[in-house]
Amino acid sequence: ATPTAIMVGTGLGAGRGVLFKNATALETAAGVTTVVMDKTGTLTKGEPEVTGFETLSLPEEDLVPLVAAVERESEHPLAAAIARHADVRGVPRRPAEAFSNVPGQGAVATVDGYRVAVGNSRLMRAEGVALGEAARRLDALAADGRTAVLVAVDGRIAGLVGLADTPRPSAAAAVTALHDAGVEVVMLTGDNAGTAQRIGRELGIDTVIAEVLPGDKAAEIARLQGGGRRVAMVGDGVNDAPALAQADLGIAIGAGTDVAIETADVVLMRSDPLDVPTALLVGRATVRKMR
Ligand code: ADP
Ligand code: MG
């Protein structure tokens, strides 16, 4: 590797806010065949907004304070969106006791003596809650690209919360640019399959891997590598750090968490998905100059 080519490549990247941490990262970028992108916070803005509540067994005025009480205790972005929505509407505050966070699934607490579980269908299964009519409602929300959060009260399905997380404006253009560069694009997410498929289709993603538990993201990267691919993983969350480390090239979104930024080989300061193809092309240009 000629030092001049590496300096030029590093400088080219830096000019566009694409920070390569070392020379190896530039060379690895040149050989990437597959880009795996986290959904929430990477392809989307990561700022979900509540679009509405759907009630099944409880009236909305009873349901919402219970959901809000649980989610006010959680740090998950979906929880923050639900808590903010409740605060803006002046939903009464109820104390949540025995709160527990279930990673990749949701949260559970006791509110007003009721056991309230808020999360995805995996959590409902773990709680022994039958979805019934909620399964159809969940599919309908997912078909609209909404993330659906299920709510059970004392083991009975009580309602759903619909949330929307808007794709970053350049997400679809980034996928197109990667395709133009001959690179395969995969979405990796903990969100439900219906929602992920819908957003994946909208953005032109080749393969969607959904309902992945936080601890399993790195194993999914290893599986793709086992198929002979040279994988770049793009992520923003604490959840993504092991996958960023496992990938041949870890790329962190600048607006992401410190752990992701520390673990990655490349940092995108502008948090713009279009800087992913830029990073790969800068790598290719550098390697060409070295030969
Ligand atoms: P992602 O990979 O999309 O960032 P996570 O692994 O953090 O997702 O969460 C996966 C899924 O678990 C979410 O899409 C949601 O369905 C559910 N979930 C996790 N925590 C919560 C919570 N506090 N409230 C509601 N749902 C939750
Ligand atoms: Mg994320």
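Helix 3 (39-43), helix 5 (77-88), strand 5 (106-111), strand 6 (114-119) and strand 7 (147-153) each contribute at least two residues to the shell around ligand 1. Here helices (H or I, at least four residues) and strands (E, at least two) are DSSP runs, numbered from the N terminus. The model is a predicted one, in which local features need pLDDT of at least 70 and side-chain atom pairs count only at pLDDT 80 or more, whereas totals for chains, interfaces and linings use all residues. Residues are numbered from 1 along each chain as its sequence is written, while chains are lettered from A and ligands numbered from 1 in the order in which they are written.

The shell around ligand 1 holds 22 residues, of which Thr 40, His 76, Ala 79, Asn 120 and Gly 190 come nearest. A residue is near a molecule or strand if its C-beta atom, placed from the backbone, lies within 6 Å of it. By class, 6 residues of this shell are nonpolar, 13 polar and 3 charged; Ala, Val, Leu, Ile, Met, Phe, Trp, Tyr, Cys and Pro count as nonpolar, Asp, Glu, Lys and Arg as charged, and the others, Gly among them, as polar. Ligand 1 lies between domain 1 (3-45 + 167-290) and domain 2 (49-164), because both give residues to its shell. The domain bounds come from an automatic or database domain assignment.

The protein chain contains 13 helices and 13 strands. For its 291 residues, a compact globule would have a radius of gyration near 19 Å, and the value of 21 Å for the protein chain agrees with this. The radius is taken over C-alpha atoms, and the globule rule is 2.2 Å times the number of residues to the power 0.38. Along the principal axes, the C-alpha trace spans about 70 × 30 × 30 Å. Of the 291 residues, 49% count as buried. A residue is buried if 20 or more other C-beta atoms lie within 10 Å of its own, exposed if 12 or fewer, and partly exposed in between, with C-beta atoms placed from the backbone.

An open sheet of 7 strands shows mixed pairing in the order 1-13-12-11-2-9-10. Strand 1 (18-20) and strand 10 (207-209) form its edges, each pairing on one side only. Two strands pair if DSSP finds at least two bridges between them. Strand 12 (residues 249-253) and strand 13 (residues 266-268) are parallel and share 3 bridges, with Ile 251 opposite Val 266 of strand 13.

Strand 5 pairs with strand 4 in the antiparallel sense over 5 bridges, and 6 bridges join strand 5 to strand 6, again antiparallel. In strand 5, 5 of the 6 residues are buried, so the strand is largely enclosed by the rest of the structure. Val 102 stands opposite Gly 106 in strand 5, and the bridge partner of Val 111 is Tyr 114 in strand 6. The hairpin of strand 4 and strand 5 has 3 residues between the strands, and Gly 104 takes a positive phi near 75 degrees there. The hairpin of strand 5 and strand 6 has 2 residues between them, and Asp 112 in the turn has a positive phi of about 55 degrees.

Most residues other than glycine have a negative phi.
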